[in-house]
Amino acid sequence: MSHLMLEWKLPVPPEAVFPAFEQPSLIRRWFGAPPGCHRTHAPDPGALGQPYRVVLRDAAGRVFAQVGCILEAEPPRSLALEMDWEGGPVPSGRTRAELTFQPTDDGGTRLQVRQGPFADDVARDAHRAYWEACLGRLARVVSGEAVPCFEEFWEESRGFAGPLGAAAYAVLAGLREAGAPPEAVSQVEDVLYTHLTRLSEDTAEVLGAVLQSRVEGGAS
């Protein structure tokens, strides 16, 4: 049995970090999949003590999931959750992850992750890679970017049917490049992803096909 100990420096105080663990509009920007995989929907942590489930796909398109629940939350100082995996590249086995948020002298946060026990070092190292990928994005989210690490998010979290997802990306990137105010870009992003996730797979497929045909027709 082994445990994971990980420390990450964030550029803002704990009071500015903790909302990224509570608000779905922020969570979806950093809480992603293991390296090489992607989510199929925006995650929602659920209520304290209630189970959550994040559905993902591996590089070959096979479906798997992260499951767990938030056990304890003491904003903005600490958070504890249980985590397990159903299939996928990360070894299964329920573990407890404890996160602490400590203010630093320069106005930032020292985020410490302690997780375990793991059956072996392979499982521990797979979780280390997972957390490092997520926390790298978290650092950019809490720094206040209007569309935080959007290209990275898009590469990993291809959660919306082909052409529809591409259209959402094009709208947001276009607004950003046109110099739209950051708050306006964030509002549009929130609307797009909130409503895209409500589409059924069949509807998304049909609308995506129509959009693709119009794009191809306009290009001819």
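Which exposed residues does the face of α6 turned away from its buried side carry? That face carries Glu-183 and Gln-187. Here buried means under 20% relative accessible area, exposed over 50%, and partly exposed in between, with a 1.4 Å probe and protein chains only.

This is a predicted model, in which local features need pLDDT of at least 70 and side-chain atom pairs count only at pLDDT 80 or more, while totals for chains, interfaces and linings use all residues. Residues are numbered from 1 along each chain as its sequence is written, and side-chain values use heavy atoms, with hydrogens and water left out.

**Overall make-up**

The protein chain contains seven helices and seven strands. Helices (H or I, at least four residues) and strands (E, at least two) are DSSP runs, numbered from the N terminus. Along the sequence their pattern is β-α-α-β-β-β-β-β-β-α-α-α-α-α. The protein chain has 220 residues, of which 40% count as buried. A contact means heavy atoms within 4.5 Å. Among contacts between residues at least 6 apart in sequence, 53% join residues at least 24 apart.

**The sheet**

Strands of a sheet pair through backbone hydrogen bonds, either parallel or antiparallel. In this model, seven strands form an open sheet in the order β1-β7-β6-β5-β4-β3-β2, with antiparallel pairing. Strands β1 (2–10) and β2 (38–39) are at the edges and have a single partner strand each, so one side of each is left without a neighbour in the sheet. Two strands pair if DSSP finds at least two bridges between them.

Strand β3 (residues 51–57) pairs with strand β4 (residues 63–74) over seven bridges, in the antiparallel sense. Within this pair, Val-54 has Gln-66 of β4 as its bridge partner, and Leu-56 stands opposite Phe-64 in β4. The hairpin of β3 and β4 has five residues between the strands, and Gly-61 takes a positive phi near 90° there.

Strands β4 and β5 also form a hairpin, with three residues between them. They run antiparallel and are joined by nine bridges. Here Ala-73 stands opposite Leu-79 in β5.

Ser-2 counts as buried, at 10% relative accessibility. Leaving aside neighbours within four places in sequence, the contacts of Ser-2 are Gly-116, Pro-117, Phe-118, Asp-120, Asp-121 and Arg-124.

Rings of Phe, Tyr and Trp (its six-membered ring) pair if their centres lie within 6.5 Å; planes under 30 degrees apart count as stacked, over 60 as edge-to-face and the rest as tilted. By this rule there are nine aromatic pairs. In one of them, the ring centres of Trp-85 and Tyr-130 are 5.4 Å apart and the planes stand at 85°, so the pair is edge-to-face. Trp-85 belongs to strand β5 and Tyr-130 to helix α3, so the pair ties together parts that are 45 residues apart in sequence. Ring pairs also link a cluster of residues, including Phe-18, Phe-64, Trp-85, Phe-101 and Tyr-130.

Val-142 is found in helix α3 as well. Val-142 touches Leu-10, Pro-11, Val-12, Ala-16, Val-17 and Ala-20, not counting residues up to four places away in sequence. From Val-142 to Phe-18 there are 124 residues in sequence, but the C-alpha to C-alpha separation in space is 9.2 Å.

| Residue | Relative accessibility |
|---|---|
| Trp-85 | 3% |
| Tyr-130 | 0% |
| Val-142 | 11% |

**Helix α6**

Helix α6 (residues 182–196) has 15 residues, which at 1.5 Å a residue should span 21 Å; its end C-alpha atoms are 21 Å apart, which agrees. The expected span is 1.5 Å times one less than the number of residues. The buried residues of α6 are Val-185, Glu-189, Tyr-193 and Leu-196. They cover an arc of only 65° around the axis, which puts them on the same side of α6. The arc is that of the directions from the helix axis to the C-beta atoms. An α-helix has 3.6 residues a turn, so residues three or four places apart point the same way.
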